[in-house]
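This report looks at aromatic rings and at charges placed over them. Please have the sequence and the model at hand while reading.

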Amino acid sequence: MSRTKGDEEEYWHSSKFKAFTFDDEDDELSQLKESKRAVNSLRDFVDDDDDDDLERVSWSGEPVGSISWSIRETAGTSGATHEEREQLKSRNNLSYAQLPKPASTYSLSSFFKGRTRPGSFQSLSDALSDPPAKSYAPELGRPKGEYRDYSNDWSPSDTVRRLHKGKVCSLERFRSLQDKLHLLEEAVSTHDGNVITAVLIFLKRTLSKEILFRELEVRQVALRHLIHYLKEIGDQKLLLDLFRFLDRTEELALSHYREHLSIQDPDKRKEFLKTCIGLPFSAEDSAHIKDHYTLLERQIIIEANDRHLESAGQTEIFRKHPRKASILNMPLVTTLFYSCFYHYTEAEGTFSSPANLKKTFKIPDKQYVLTALAARAKLRAWQDIDALFTTKNWLGYTKKRAPIGFHRVVEILHKNNAPVQVLQEYINLVEDVDTKLNLATKFKCHDVVIDTCRELKDRQQLVAYRSKVDKGSAEEQKIEAILSSVQIRWKN
C-alpha cells in the first residue's frame, strides 16, 4: 500500500500514546485501571436485594465498566480532545439516570438462596448449567477432624472421653450388649454423673427392662444414678418395676406413696392413701402414713362444715375473720393453728377441736402451746391466753406455767401488739432477773424495771434508768420516791 509523503511524515511523527501528565482526566492508564477495578468489584456483590435498580449503560447499549467498553473508550478517547471527552462524560452520566437496569434471568444471590428472580422461569439447576453464567459462591468445606465426630471409628473410651469434655458424639454405633456394657463401665470410671446419666439414658432406650435391671444389679454406682434419674423425671412406673425386681420392698412402698402428690382431688387422694396403709413400710413410716390418712379425712370434714358456716354468715368468727385459704392438704401444725383460730372453744369430742387434734395426733405440749398462743394472740384473746398457762395442783391452787418459757411468751405477745399491762404480767413471770430486766427495758415496761431494781436494792441502776423515763411522768415520781426512802438499804 503506497503512501504519500505527507502521510508518511504524519505516521512517523504521530503516536497514539501521550506523554505523562498530572491531569487525571488525560490519564488513559488510570481510566483503564479504574475500569478493571470496577469489573473485579462485581465479584463482591452476591446479594441481588440491593435498593439500586439502575446500571450504567453507554450510548451503544453496553454496560459501563465492562471490558469491551473499557477498550473502546480507551481507543476512542486517545485521539479525542478535552472538550469531546467532557461531552462524552456528561452523556454517560445522563444515560445512568435515564436507562433502567436490564432484566436478568438469575442473580449471584440466587445461587445461594436457591431461587431465580421474580418473573423468571429459569430454575436453579438451569442457571447453574448455563455456560455463560459463572458462580462465585465458594463451596465451604468442614475441617476433616470434625467428620470423625459422626463417624463409627470411636472406641468406648474415646466416646466417654469426648462426652466428659462436653463434645457431641453419637452412641448409636454401640449395638451389641457387650459394647454397651463396656461403654457403661468406661462412663462409671470417669466418676462424672452427667456422663453416667447420658449413657444410662441410651441404655434405657435401647435395652429391655429385664436386661437393664439385671446388668445394673451388679453395678451399684450406675444403679444409684438410674434411681436418682427416674425420681427426677418422675417415671414412677419404671421405678416401681426396678424396686420390684430388686426386691426392695420398703423403697417400693415409699415410691408408691409418693404418687399421691400428683392427685389433686381430696377424696381420690384419701382413697389412695388408704391403699398405702397396708404396704411394707417401716414401723415409723407406717405410723406417718396412717396419720396422713387420718388428717386428710379430718380436713375434708372440717372444710365442708366451715364452708357451709361461712356461706351462711351466722358465725361471728367467720364474719370478722373470713378464711383466706382452704384447709385441705395442709400440714398438721397449720391445721392445728386453723383449729385454734376458728374452733378454740369447741368440745373435745368434735373433729375440729384443738384438744381433739392434740390427742389424736399426739402433739407435744410445747408445740400445742406455741401454736395456740400464736392463734389466740392474733385474735387478741388475752383471757384465753391466761387460761392457757393457768394450771391447778391437786390441792386446788392455781399457778402459771409455760412449757416454752415465759420469755418466748412475751416475745410472741409483743409481736402481736399486746398492751403493756399484759406484757408486764408475763415479764414478771420470767425467773431469770437479767432476762427480766432486758425484756422490760426492751419493751419499755417501766414499772417492772423500777420494782426489780428496788428488790435488788440497786440504787445506781435505778438512777441511770431515771434518765430514760419522761420528765414529770408517774414513773419518774415513783423513782424519786424510792430513792428518797430511808427504809431501803442500798447496795451502792
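The text below goes through ring pairs, then charges over rings.

This is a predicted model, in which local features need pLDDT of at least 70, side-chain atom pairs count only at pLDDT 80 or more, and totals for chains, interfaces and linings use all residues. Residues are numbered from 1 along each chain as its sequence is written, and side-chain values use heavy atoms, with hydrogens and water left out.

Rings of Phe, Tyr and Trp (its six-membered ring) pair if their centres lie within 6.5 Å; planes under 30 degrees apart count as stacked, over 60 as edge-to-face and the rest as tilted. The count by this rule is 9 aromatic pairs. Phe 318 and Tyr 342 are stacked, because their ring centres are 4.9 Å apart and their planes stand at 10 degrees. The two residues are 24 apart in the chain, with Phe 318 in helix H17 (residues 316-320) and Tyr 342 in helix H18 (residues 332-342). Helices here are DSSP runs (H or I, at least four residues), numbered from the N terminus. Phe 318 and Tyr 342 are both buried, meaning under 20% relative accessible area with a 1.4 Å probe, protein chains only. Ring pairs also join Phe 318, Phe 337, Tyr 338, Phe 341 and Tyr 342 into a cluster.

Phe 389 and Phe 406 make a tilted pair, 5.9 Å centre to centre with 55 degrees between the planes. Both residues are buried.

A charge sits over a ring if NZ of Lys or CZ of Arg is within 6 Å of the ring centre and within 35 degrees of the ring normal.

| Charged residue | Ring | Distance from ring centre |
|---|---|---|
| Arg 173 | Phe 174 | 4.8 Å |
| Lys 358 | Tyr 368 | 5.7 Å |

Methods: Buried means under 20% relative accessible area, exposed over 50%, partly exposed in between (1.4 Å probe, protein chains only).
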